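Q: I am new to this structure and would like a close look at a single part of it. Please keep the answer plain and connected.

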Amino acid sequence: MIPAVIADAGPLIGLSRIRRLGLLRDVFGQVLITPAVAAELRITGPEPDLALFDGQEDLAAALVEGWLRLSEPGGTEAYQPLNPGVDAGEASCIALALGRLQRGLESLLILDDRAGRAEARRLDLELTGTAAVVAMARLRGLIPAAGPVLLSLCSNGYFLGEATVDTVLRALNER
């Protein structure tokens with residue numbers, strides 16, 4: 001069974017800013033977001049605010065196209081993160097993954113924030129990050145090289161640790 005992919009706001013913002021949001025669609029087909037993540041992105045509601053960051057309109061378009069899809073966490077109302085650094089969007093993504101797990105369904109979380117990743121690991125949830133998504137795109141021949149995409153993310157204000165970038169580039173023989 002193919003796991004559902006659940007993305008937090010950070011990776012979506014980072015990839016949309018550099019006009020590479022389509023990598024998520026091309027690698028995974030469909031990506032789920034929670035209403036809390038959609039609220040952070042400000043792409044839903046009667047009057048979405050599409051002037052917050054470059055590429056935000058691509059997120060709204062992905063929602064309309066249907067490959068980015070809203071999904072309610074549901075059934076995990078008792079879930080509260082132990083780490084106070086986990087924000088509402090991350091917590092809702094984790095809750096969605098937990099709810100799916102309770103129903104015997106697999107999920108893959110795309111989280112980059114340290115607190116959110118630690119919380120997901122504590123709960124034994126499958127997770128990956130934006131740099132790994134770029135690596136997957138490179139391995140599938142969707143992009144010629146990961147280095148320029150990772151550099152573009154970093155130069156556009158998206159934090160990826162130097163060790164993470166180096167690990168990905170070494171694994172792809174781009175270093």
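Is Cys-93 buried or exposed, and what can be said about helix H9 and the parts it packs against?

A: This is a predicted model. Cys-93 is buried, because its relative accessibility is 0% and the cut-off for buried is under 20%. Another cysteine, Cys-154, has a relative accessible area of 32% and is therefore partly exposed. Searching the whole structure for disulfides gives 0.

Now to helix H9, which covers residues 162–171. Three of its residues, Val-165, Val-168 and Leu-169, are buried. Viewed down the axis of H9, these buried residues lie within an arc of 95 degrees, so they line one face of the helix. Turned away from that buried side is a face with the exposed residues Ala-163, Thr-167, Arg-170 and Ala-171. The packing partners of the buried residues are helix H7, residues 130–139, and helix H8, residues 147–155. After H9 comes Asn-173, which has a positive phi, near 55 degrees.

Leaving aside residues up to four places away in sequence, Arg-140 touches Asp-26 and Val-27. Val-27 is 113 residues from Arg-140 in sequence, yet their C-alpha atoms are 7.9 Å apart in space.

Note on methods. Residues numbered from 1 in each chain as written. Predicted model: local features only at pLDDT ≥ 70, side-chain atom pairs only at ≥ 80, totals over all residues. Heavy atoms only, no water. Buried < 20%, exposed > 50% of the residue type's maximum accessible area, 1.4 Å probe, protein only. Helix = DSSP H or I, 4+ residues; strand = E, 2+ residues; numbered from the N terminus. Arc of directions from axis to C-beta. Contact = heavy atoms within 4.5 Å. Disulfide = S-S within 2.5 Å.
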